[in-house]
Amino acid sequence: MISLPSSPFQILCCLIVLFILPLPSRSADPDPLQDFCVADLKSSVSVNGFPCKPAEQVVSDDFFFDGLRKEGNTSNIFGATVTSANVFTFPGLNTLGLSTNRVDFAPGGINPPHSHPRASETGVVIVGKLLVGFVTGDNVFHSKVLSPGEMFVIPRGLVHFQLNVGEGKALAFTSFNSHFPGVVISSTSLFGSTPSIPNAVLTKAFQVGDDVINGIRSKFGS
């Protein structure tokens, strides 16, 4: 026979345990409560996702996406481009807790240091050689050069990058446990924000003068 807790302290401990146990399951998007929920992108209401398109309006094409077939334009300052298949471009992903990116690299191109606040990431190199690295919360740097067929994983929220170290173009596909993982690019967030972060903050943070901050800021149009 199971004995029930009797004292207020025991009851409080049980409540805390019951609260903590489900937390690991909340590390990604909430579990869906229906077979699918194709996003109604025209809706003005959005709470952790989009409302569902009425079932009678759902068509087969809602579950297919061809936007990752074409090579992205890498003629930018980073020499790399990300093509996203997330809920905004592929509404069928709504509430399913997953999405995919195609990342194209010109020779020497970089997917600059960035983080995803709402998802962990895994990826596989398809073409070329990529130096993949990330920094832990303890400032430990992990990295490796990957060839086609090799994979990597980036824990949620950690700053990471991919750099093309091969002789030609490179291509990788990455996946996330969120239908919209979000992205915070370190350099553009710090030096290209609107309005600008005050120089007094950045000069103190990086221990440099105004001239250095203004020089970097000019590269990001802020």
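This is a predicted model: local features need pLDDT of at least 70, side-chain atom pairs count only at pLDDT 80 or more; totals for chains, interfaces and linings use all residues.
**Stop one: the disulfide**

Select Cys37 and Cys52. A disulfide joins these two, with 2.0 Å from S to S; the term stands for a pair of cysteine sulfur atoms within 2.5 Å. Look along the S-S bond: the angle about it is -110 degrees, and the link of Cys37 and Cys52 is left-handed. Both Cys37 and Cys52 sit in the loop between H1 and E1, 15 residues apart. (Helices, H or I with at least four residues, and strands, E with at least two, are DSSP runs numbered from the N terminus.)

Cys37 counts as buried at 2% relative accessibility, while Cys52 is partly exposed at 38%. Here buried means under 20% relative accessible area, exposed means over 50%, and partly exposed is in between, using a 1.4 Å probe and protein chains only.

**Stop two: the rings**

Next, colour the aromatic residues. The structure holds six aromatic pairs. Rings of Phe, Tyr and Trp (its six-membered ring) pair if their centres lie within 6.5 Å; planes under 30 degrees apart count as stacked, over 60 as edge-to-face and the rest as tilted.

Zoom in on Phe50 and Phe88. Their ring centres are 5.3 Å apart and their planes stand at 90 degrees, so this pair is edge-to-face. Phe50 lies in the loop between H1 and E1, and Phe88 in the loop between E1 and strand E2 (99-105), 38 residues apart. Phe50 is buried at 14% relative accessible area, whereas Phe88 is partly exposed at 45%.

Then move to Phe191 and Phe206. What is the angle between the planes of Phe191 and Phe206? The planes are at 35 degrees, with the centres 5.9 Å apart, so the pair is tilted. Phe191 belongs to helix H2 (residues 186-191) and Phe206 to helix H3 (residues 199-206). Phe191 is buried, with 7% relative accessible area, and Phe206 is partly exposed, with 43%.

**Stop three: the charged pairs**

A search of the whole structure finds four salt bridges. Each is a side-chain nitrogen of Lys or Arg within 4 Å of a carboxyl oxygen of Asp or Glu.

Start with Lys169 and Glu71, whose closest N and O atoms are 3.0 Å apart. This pair links distant parts of the chain, 98 residues apart: Lys169 is in the loop between strand E8 (160-164) and strand E9 (170-176), and Glu71 in the loop between helix H1 (8-20) and strand E1 (80-85). Lys169 is exposed at 52% relative accessible area, while Glu71 is partly exposed at 45%.

Now select Lys53 and Asp62, another salt bridge, with 3.1 Å between the closest N and O atoms. Lys53 is partly exposed at 21%, and Asp62 is buried at 12%.

Finish with Asp104 and Arg102. Their closest N and O atoms are 2.8 Å apart. Are these two buried or exposed? Asp104 is buried, and so is Arg102.

How values were computed:
Residues are numbered from 1 along each chain as its sequence is written. Side-chain values use heavy atoms; hydrogens and water are left out.
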